[in-house]
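Hi,

Here is the structure I promised to pass on. Have a look, and then read on for what turned up.

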Amino acid sequence: MSHTPHELHEEFPAEADKIHELKVSNAHFARLADEYHSINREVHRAETGIEPVDGLVETEMRKKRAHLKDEIARMLAEA
């Protein structure tokens, strides 16, 4: 398990311009990106022990992050 944050610009390095454009022009995408950033920070804090959580809670947070990432990837592909 990696304790490296999974920031959007690192997950989609070739899509940096699209990410910025969609954040500005698409409220739904902006909300998804903000939600991804928030849950990503929570997962990172849990993984590093800064804010430990139950293993099941951490797993559910990772699933939510993955779901958001999939939705963001879909929107980037369609843009």
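This is a predicted model: local features need pLDDT of at least 70, side-chain atom pairs count only at pLDDT 80 or more; totals for chains, interfaces and linings use all residues.

Which residue forms a salt bridge with Glu47? The partner is Arg62, with the closest N and O atoms 3.3 Å apart. (A salt bridge here is a side-chain nitrogen of Lys or Arg within 4 Å of a carboxyl oxygen of Asp or Glu.) This pair links distant parts of the chain, as Arg62 sits in helix H4 and Glu47 in helix H3, 15 residues apart. Glu47 counts as buried at 12% relative accessibility, while Arg62 is partly exposed at 27%. For the cut-offs, buried is under 20% relative accessible area, exposed is over 50%, and partly exposed lies in between (1.4 Å probe, protein chains only).

Residues are numbered from 1 along each chain as its sequence is written, and side-chain values use heavy atoms, with hydrogens and water left out.

Now to H3 itself. It covers residues 27–47, 21 residues in total, and reaches 30 Å from its first C-alpha to its last, close to the 30 Å expected at 1.5 Å a residue. (That expected span is 1.5 Å times one less than the number of residues; helices are DSSP runs of H or I with at least four residues, numbered from the N terminus.) Asn26 caps the N-terminal end of H3, placing a side-chain oxygen 3.0 Å from the backbone nitrogen of His28. After H3 comes Gly49, whose phi is positive, near 80 degrees.

The buried residues of H3 include Phe29, Leu32, Tyr36, Ile39 and Val43, as well as Asn40 and His44. Packed against the buried residues of H3 are helix H1 (8–11), helix H2 (16–25) and helix H4 (55–78).

Back to the charged pairs: searching the whole structure gives 11 salt bridges. A few to look at:

- Arg74 and Glu78 meet at 2.8 Å, N to O. They are four residues apart in helix H4, so about one helical turn separates them. Arg74 is partly exposed at 37%, whereas Glu78 is exposed at 58%.
- Glu15 and Lys18 pair up at 3.5 Å, N to O. Glu15 is partly exposed at 23%, and Lys18 is partly exposed too, at 27%.
- Arg31, Glu35 and Lys64 are linked in a network of salt bridges.

Cheers

How values were computed
Helices (H or I, at least four residues) and strands (E, at least two) are DSSP runs, numbered from the N terminus. Contact means heavy atoms within 4.5 Å. A polar contact is a pair of N or O atoms within 3.5 Å; within protein, one must be able to donate a hydrogen and the other to accept it, and residues adjacent in sequence count only if both atoms are side-chain atoms.
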